[in-house]
Amino acid sequence: MTGTITENSATEPETGTTTDDRPTAKLPLRSRPARWRTAHPTAVRTFHLATTILAAVLVLGALLFPNRLMALQPNRFTRIPVEAIIGAAVALVLPRRPRLVIAVLSGIGLGVMTILNMLDMGFLEYLGRGFNLILDWELLDDAQAYVEDSMGKGVAVGATIGAAAAVLLLLLVMALAMVRLSNLLADHRQTATRGTLIAATVWVACSALGVQVSGMPVASERTAGAAKVQTRRVLDTLRDEAEFRKVAKVDTFGATPPAQLLPDLRGKDVIFTFIESYGRSAIEDPAIAPGVDKTLTTSTEALAKAGFHAKSGWLTSATYGGSSWLGHSTTMSGLWIDNQQRYRTVMASDRLSLTKAFQKTGAWDTVGVMPGVQKGWPEQEYYGLDKVYNAFQLGYQGPKFSWSTMPDQYALEAFQRQVHGKKRDKPLMSEIILTSSHQPWAPIPTMVGWDDLGDGSVFGPIHKAALDPSDVITDSGRSKREYGKSVQYSVTSLTQWLERYGTDDTVLVFLGDHQPIARVSGTGASRDVPVSLVAKDPAVLDKIASWNWTDGLKPASDAPVWKMSAFRDRFLTAYGSTPRPSGD
């Protein structure tokens, strides 16, 4: 009967067909690997040896893996990690089940430490500091957005998927490697015990005697040390948050009445402009400085012919290589804002920002020109800006230049057309963020006739003829050259705008937000950025005579250097503001 299983059919063995068509019993599926191993013993031994060596290389490599790109040298991997000795000892004394659990967890932990070391590499290369477990995860979204803006959405999506897959694969492989090595130790317990004792003795002797190979100590505690550093960063961050909240509440000018704020600038149009990545290296690095210095000299002379004069100094930025908003907020708040938690704390506070001081007086209209802002920007309230013009409100119809949504020259012309050039009842205080010198410095725009700017379409052919980010981003020498060109372009755009549209009442303060990344500024570069104050009215510059800044747009190498957080109070004081502390 169809579908009926008979007793015979249930008990008869499966049959197969041999080469001579004689039926043979099929082997159970589980016996096939064993049969293959029996038939190919050499291949099996080779496979086991290869996987064991690979597991050992992966584990030892991860235990010795540095967190700095420049430290990826052979001598870093000729050391004996104490963590491997301790791990072997633990594996030898544990029963099978807890041993395997510990092996899996320690493998995952080692994978996590490897990922943190890689993140440290990236953050040190770009931001001049290590990765913060508490604060920096949200910056990964910014990194993804930066890649999308610079290299395209396809590259960004591919990089994100690839990074996620690589992380999962690394954790899996490290766990399997630890299991493989722990099983090997258990299978050869007597030999492994002797080897572990010998390794421990050698490690102690090398540590006590300070034995080195190629300049590196043989006895290593690399992973334990890295774990301590990460733990200390977390604890320091938690302590810093509580302490900073107390500091932020104390404001020298927090209770100053509006009439006593900035009385010596009344009637002036004051413009604060940040130039992206405009750092000390642009002026002093031999590979970059000649072109930038020539631009500063030429611009100083051109401004002088138009009746403007300038004084310049140095500010030490709270950030490096990126996170421009930390530099902006440090300058305007008078607080040292060097991490994201501090930034969030200040943005949610009622501490007086320099720009908000102008709004508080009621004597100025206040605006922001932010071509880099492409979404909601709640910080507008903290900065006291009546109106903010973002990337979509400046009328630009030309191509994007990598991360920069529009050339600086166009953004300044749009500011003139939509804001500065219009008649108003009050003078204007403006905050402008220029973005053309943002990495990767390709493609970068070039100057066009101011009367030819139109809606920005004129930049189409310039964009097509310019370099691609891939041509620059991995080449340090070319990055330096193109970075210098981008700074020249931004400075030229700003100073030509001032020549063209500035008045007797215009006061311009412009500065860099931070140094460019280490690949451009160099390892161990300072965090200093240039700052200049430009005006026609001699009385404006006389107010800062005591600052001893250098005449012109190029600060002397020995010009005064202040912390960026000192600028707000010095500026308010110079222009007549009366200190009236709040939060005492």
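Mentor: Contact here means heavy atoms within 4.5 Å. The model is predicted.

Trainee: Which residues of helix 9 does helix 5 meet?

Mentor: Helix 5 covers residues 96-127 and helix 9 covers residues 222-249. On the helix 5 side, the residues in contact are Leu110, Met113, Leu116, Asn117 and Asp120. Their partners in helix 9 are Arg222, Thr223, Ala226, Ala227, Gln230 and Arg233.

Trainee: How many residues of each class does the contact of helix 5 with helix 9 have?

Mentor: Leu, Met and Ala count as nonpolar, while Asp and Arg count as charged. Sorted by class, the contact of helix 5 with helix 9 has five nonpolar, three polar and three charged residues.

Trainee: Are helix 5 and helix 9 roughly parallel or roughly perpendicular to each other?

Mentor: Two packed helices are described by the angle between their axes and the distance between the axes. Here the axes come within 11 Å and cross at roughly 70 degrees. Angles of 65 to 115 degrees count as roughly perpendicular. Helix 5 and helix 9 are therefore roughly perpendicular.

Trainee: Which element gives the largest share of the lining of the second largest pocket?

Mentor: This pocket holds about 940 Å³ of space. Of its 36 lining residues, the closest to the centre are Glu83, Ala84, Ile85, Gly87 and Ala88. Elements giving two or more residues include helix 3 (41-64), helix 4 (82-93), helix 5 and helix 7 (153-187). The largest share, eight residues, comes from helix 4.

Trainee: How many charged residues are in the lining of the second largest pocket?

Mentor: The lining divides by class into 23 nonpolar and ten polar residues, with the charged ones making up the rest. The charged count is three.

Trainee: How many charged residues does the lining of the largest cavity have?

Mentor: The search of the whole structure finds two cavities of 30 Å³ or more, and about 60 Å³ of space lies in the largest. Among its 14 lining residues, Phe401, Ser404, Ser436, His438 and Pro443 are the closest to its centre. By class, the lining has eight nonpolar and six polar residues, and the number of charged residues is none.

Trainee: Which charged residues line the second largest cavity?

Mentor: About 30 Å³ of space lies in this cavity. Its lining includes Leu139, Ser323, Leu326, Asn339 and Gln340, and two of the lining residues are charged.

Terms used
Residues numbered from 1 in each chain as written. Predicted model: local features only at pLDDT ≥ 70, side-chain atom pairs only at ≥ 80, totals over all residues. Heavy atoms only, no water. 1 Å grid on protein atoms, 1.4 Å probe; cavity = no way out; pocket = protein on both sides within 12 Å on 5 of 7 lines; lining within 4 Å. Points joined across faces, edges and corners; volume = space filled by probe spheres on them. Axes fitted to C-alpha atoms, helices over the stretch in contact; angles between N-to-C directions. Helix = DSSP H or I, 4+ residues; strand = E, 2+ residues; numbered from the N terminus. Parallel < 35°, antiparallel > 145°, perpendicular 65-115°, else oblique.
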